[in-house]
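Reader: I am new to reading protein models. Could you take me through one, feature by feature?

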Amino acid sequence: MSGYLKTTLLLAGMTALFVGIGFVVGGREGMLIALVMACGMNLYAWWNSDKMVLRMNNAEPLDPGRAPELYGMVQALAQRAGLPMPALYLIREDQPNAFATGRNPQNAAVAVTSGLLQMMPPEEVAGVVAHELAHIRNRDTLIMTVTACLAGAIGMLAQFGMFFGRSRDNRSNPLGPIGAILMVVLAPMAAMLVQMAISRSREYEADRVGAEIAGGPQGLANALLRLEGARHGLINQAAEANPAMAHLFIVNPLSGARMDNLFSTHPSTENRVQALMRAHGGMAAPAMAPTPGPAARPAGPWGRGARQAAPAPRRRGPWG
């Protein structure tokens with residue numbers, strides 16, 4: 001329960017920061033406008049965040065006819081988690097990764113990349129999917145969307161503050177030009193820190209609950225290490241173009257070439273694995289899983305429409 005209390009307090013702090021910036025920019029009128037903006041943006045995010053995120057990643061819907069083994073596995077895990085079957089999507093992306101989105105369990109979606117299905121054995125894919133189902137069950141998908149919208153709005157308001165701070169009539173800005181400059185620098189940074197705190201706390205909880213859904217921590221722990229090993233060598237172009245959605249993925253999809261790790265929304269993978277194993281009986285953490293090269297990738301779980309590496313031996317089992 002402490003995790004939920006922490007998240008609630010952080011969200012309250014983000015909202016207070018947003019409204020406070022509105023007051024600095026325009027006094028009471030600015031505060032009222034900021035509050036109306038926050039409500040409007042959150043309402044839009046409530047109804048359209050899942051469609052927006054899926055569209056930004058060029059996700060394609062998957063049905064039982066196209067990926068029967070994967071669909072059946074997700075359905076079984078959803079039943080074990082006490083959730084309705086989420087919509088299932090494929091992202092044609094070599095970097096292995098996954099995310100969940102949607103305002104509630106009845107309108108949720110899980111998206112996996114083709115690289116995830118090509119690189120990982122079934123038990124690791126199950127661990128990743130279980131982690132995303134844990135996010136859905138914990139309502140994290142909505143929480144993270146709201147924080148992303150508020151963080152973006154705070155940055156926008158800070159720019160307005162800079163504009164008003166430079167104006168000759170400073171009656172609308174109690175802090176004056178120096179305060180406006182400080183607000184431009186510090187307010188987005190504070191919002192980013194709050195977003196990081198919320199994201200990191202929810203990742204640890206989703207790892208713990210995901211392992212329970214999957215029936216054990218080993219598959220998820222191995223998957224996390226494999227994902228971490230692969231993300232630096234394979235660039236996710238959609239995520240690099242839209243870094244604000246990086247917090248949605250199970251591991252940070254950004255390469256770190258632009259100092260993305262300085263304000264990473266994810267805990268370190270090593271810490272996550274250690275916490276996961278401690279939460280499930282103090283089991284020893286697995287060693288770093290090897291990352292297969294392009295020639296070693298197995299074929300995807302369907303016979304058509306997937307991006308496949310040429311002449312690679314097909315692995316037996318439900319993914320090939």
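This is a predicted model: local features need pLDDT of at least 70, side-chain atom pairs count only at pLDDT 80 or more; totals for chains, interfaces and linings use all residues.

Reader: Which residues of helix H9 are buried?

Author: Start with the cut-offs. Buried means under 20% relative accessible area, exposed means over 50%, and partly exposed is in between (1.4 Å probe, protein chains only). Helix H9 spans residues 269-279, and its buried residues are Thr269, Arg272, Val273, Ala275, Leu276 and Met277.

Reader: What is the phi of asparagine 58, and where is its place?

Author: Asparagine 58 has a phi near 55°, positive although the residue is not glycine. Its place is the loop between helix H1 (2-56) and strand S1 (60-62). Asparagine 58 counts as exposed, at 59% relative accessibility.

Reader: And what is the phi of arginine 139?

Author: Near 65°, again a positive value in a residue other than glycine. Arginine 139 sits in the loop between helix H4 (122-137) and helix H5 (140-166). With a relative accessible area of 42%, arginine 139 is partly exposed.

Reader: Now the sheet. In what order do the four strands come?

Author: The general idea comes first. Strands of a sheet pair through backbone hydrogen bonds, either parallel or antiparallel. Here two strands count as paired if DSSP finds at least two bridges between them. In this model four strands form an open sheet, ordered S1-S2-S4-S3, with mixed pairing. S1 and strand S3 (98-101) are the edge strands, each pairing on one side only. From one strand to the next, the twist averages 30°.

Reader: How many bridges join S3 to strand S4?

Author: Four bridges join S3 to S4 (residues 109-113), and the two strands run antiparallel. Phenylalanine 99 stands opposite alanine 111 in S4.

Reader: Which strands does H4 touch?

Author: Contact means heavy atoms within 4.5 Å. For angles, axes are lines fitted to C-alpha atoms, for helices over the stretch in contact, and the angles run from 0 to 180 degrees between N-to-C directions. H4 packs on the sheet and touches S3 and S4, its direction making about 25° with that of S3. Helix H2 (residues 68-81) lies across S1, strand S2 (87-91) and S4. H2 runs at about 135° to S2.

Reader: Which residues does leucine 142 touch?

Author: Leave out residues up to four places away in sequence, and leucine 142 touches Trp46, Gly102 and Arg103. Leucine 142 belongs to helix H5. Its C-alpha atom is 7.6 Å from that of threonine 101, a residue 41 places apart along the chain.

Reader: How many salt bridges does a search of the whole structure find?

Author: A salt bridge is a side-chain nitrogen of Lys or Arg within 4 Å of a carboxyl oxygen of Asp or Glu. The search finds nine. One of them joins the side chains of aspartate 207 and arginine 272 (2.8 Å, N to O). Aspartate 207 lies in helix H6 and arginine 272 in helix H9, so this pair ties together parts 65 residues apart in sequence. Both aspartate 207 and arginine 272 are buried.

Reader: Which helix holds both glutamate 205 and arginine 208?

Author: Helix H6 (residues 176-214) holds both, three residues apart, about one turn of the helix. Arginine 208 is partly exposed, with a relative accessible area of 30%.

Reader: How far apart are the closest N and O atoms of glutamate 228 and arginine 231?

Author: They are 3.2 Å apart, in another salt bridge. The two residues are three residues apart in helix H7 (residues 218-231), about one helical turn. Glutamate 228 and arginine 231 are both buried. Elsewhere, salt bridges with shared partners join Glu60, Arg66 and Arg92 into one network.

Notes: Residues are numbered from 1 along each chain as its sequence is written. Side-chain values use heavy atoms; hydrogens and water are left out.
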